[in-house]
Amino acid sequence: MDLSGGATERVALALALAAEKGRVRTTASAEPRFGGTEPASVDVVGTGGPAVRMRVDLEHRVLLVEGDGRGLSALADEVRSTAETNDGGHQHIEHHPGHHYLAAGSPAMVLNSPHGAMPTR
């Protein structure tokens, strides 16, 4: 799952995650994204569950993010950090054994920088 968009969209998503509810419309990227699926929106639903679960509705191009407050807050921090970067790049978010907030079976996600590809450092 590729998630692109500007800093304003990232902040809106981080706020929805922290609030444990909301829908954020996303912007399609201007460049190809390695064959991934880009969602048209991200829906956030707070649950009492022990972790964050992500599901993809390919027909409607929606990424559904469900989870408890602690997990959604951790994901919000990661999303917010990509909004605050001032150069390019991306961040991978994917489950691995012992992941501190993401549930097994959630699709891997790439948060693409609002500033494009890799940094020019």
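## Surroundings of Val 52

Leaving out residues up to four places away in sequence, Val 52 touches Val 65, Glu 66, Gly 67, Gly 71, Leu 72, Leu 75, Tyr 101, Leu 102, Ala 103 and Ser 106, where contact means heavy atoms within 4.5 Å. The structure is a predicted model, in which local features need pLDDT of at least 70 and side-chain atom pairs count only at pLDDT 80 or more, while totals for chains, interfaces and linings use all residues. Residues are numbered from 1 along each chain as its sequence is written, and side-chain values use heavy atoms, with hydrogens and water left out.

Helices (H or I, at least four residues) and strands (E, at least two) are DSSP runs, numbered from the N terminus.

Ser 106 lies in the loop between β6 (90-93) and β7. With a relative accessible area of 11%, Ser 106 is buried, a class that covers values under 20%, whereas exposed means over 50% and partly exposed lies in between (1.4 Å probe, protein chains only).

The side chain of Ser 106 reaches the backbone nitrogen of Met 54 at 3.0 Å and the backbone oxygen of Ala 103 at 3.2 Å. When neighbours within four places in sequence are set aside, Ser 106 is in contact with Val 52, Arg 53 and Met 54.

Strands β4 (residues 53-57) and β5 (residues 62-67) run antiparallel and are joined by 5 bridges; two strands pair if DSSP finds at least two bridges between them. Asp 57 stands opposite Val 62 in β5, and the hairpin has 4 residues between the strands.

Arg 61, in the loop between β4 and β5, has a positive phi of about 55 degrees although it is not a glycine, and at 39% relative accessibility Arg 61 counts as partly exposed. Glu 20, placed in the loop between α1 and β2 (21-25), likewise has a positive phi, near 65 degrees, and is partly exposed at 32% relative accessibility.

Terms used
A polar contact is a pair of N or O atoms within 3.5 Å; within protein, one must be able to donate a hydrogen and the other to accept it, and residues adjacent in sequence count only if both atoms are side-chain atoms.
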